[in-house]
Amino acid sequence: LLDRALQHDDINVSVRAIALMRTPQGKGSRITFSNLVVEQLLDVVADDGADVRVRREAVRTLMPLYEHDRRKLYSTLNELGPAGSFAVQPVVEFLSDRSQRHWAAGGAFDAPVGAVELLATWGADSAEAVPILVAIVEGEHPNGWSLAPAAAEALAAIGPKAASALPSLRMATSSSRSNVAKAARMAVEKLRRYDVTDAPVLQPL
């Protein structure tokens with residue numbers, strides 16, 4: 001059925017079919033996919049000739065898997081290089097969705113570190129991720145201690161478009177967790193050149 005939906009002439013049919021795959025069939029039920037289905041979805045993600053709406057929907061459907069299962073998705077997107085940045089939107093949605101497992105207390109085992117690292121590889125194309133990355137650095141995420149170092153690195157990689165994160169990064173440099181503090185310091189060093197508040201004040205002639 002998935003094959004038929006993906007080959008349908010109407011892109012909306014393909015998008016809807018993939019979206020339905022991540023709909024729980026009953027209260028409290030888990031969503032699981034066979035290896036075949038996962039591979040089919042990964043093929044969609046990797047297909048640069050496919051409609052971007054379909055590719056993004058495939059990413060949305062794979063993101064709720066457990067982190068160890070998401071690694072294949074991360075690898076697929078990473079292999080695409082800069083072209084993989086089409087997935088920024090669904091990745092940001094997943095990171096921001098507080099109903100996801102990684103937002104639960106004790107969910108550190110499923111913290112999507114790989115997703116945050118991908119945002120870093122896409123650099124400035126990941127600008128829309130700045131708000132959620134800042135929230136993670138600020139400690140809003142209950143399992144942020146495992147995500148914060150990667151979030152700080154991603155903000156640094158985004159560059160000028162992440163200059164607004166500097167106050168939060170500066171606060172994080174005093175974190176009691178050495179890995180968070182170190183990553184924050186490095187990010188501040190990279191971003192401070194874009195901080196307009198650090199610019200010299202021009203004196204009138």
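This is a predicted model: local features need pLDDT of at least 70, side-chain atom pairs count only at pLDDT 80 or more; totals for chains, interfaces and linings use all residues.
At what angle do the axes of α6 and α7 cross?

**View 1. The crossing of α6 and α7.** The two helix axes cross at roughly 140° and come within 10 Å. Angles over 145 degrees would count as roughly antiparallel, and α6 and α7 are therefore oblique to each other. As for handedness, the crossing of α6 and α7 is left-handed. On the α6 side, V88, V91, V92 and L95 make the contact, and on the α7 side it's A115, V116 and L119. Sort those residues by class and you get seven nonpolar, no polar and no charged.

**View 2. The buried residues of α6 and what covers them.** Helix α6 spans residues 88–96, and its buried residues are V88, P90, V91, V92, F94 and L95. The cover over these α6 residues includes α4 (52–62) and α5 (67–79), along with α7 (113–121) and α8 (130–137).

**View 3. The buried face of α2.** Helix α2 takes in residues 11–21, and here S14, V15, I18 and A19 are buried. Looking down the axis of α2, you'd find its buried residues within an arc of 130°, so they line one face of the helix.

**View 4. The packing partners of α2.** Which helices do the buried residues of α2 pack against? They pack against α1 (2–6), α3 (35–46) and α4.

Conventions. Residues are numbered from 1 along each chain as its sequence is written. Side-chain values use heavy atoms; hydrogens and water are left out. Buried means under 20% relative accessible area, exposed over 50%, partly exposed in between (1.4 Å probe, protein chains only). Helices (H or I, at least four residues) and strands (E, at least two) are DSSP runs, numbered from the N terminus. Contact means heavy atoms within 4.5 Å. Axes are lines fitted to C-alpha atoms, for helices over the stretch in contact, and angles run from 0 to 180 degrees between N-to-C directions. Angles under 35 degrees count as roughly parallel, over 145 as roughly antiparallel, 65 to 115 as roughly perpendicular and the rest as oblique. A crossing is left-handed if the near helix is turned anticlockwise from the far one by less than a right angle, and right-handed if clockwise. Ala, Val, Leu, Ile, Met, Phe, Trp, Tyr, Cys and Pro count as nonpolar, Asp, Glu, Lys and Arg as charged, and the others, Gly among them, as polar. The arc is that of the directions from the helix axis to the C-beta atoms.
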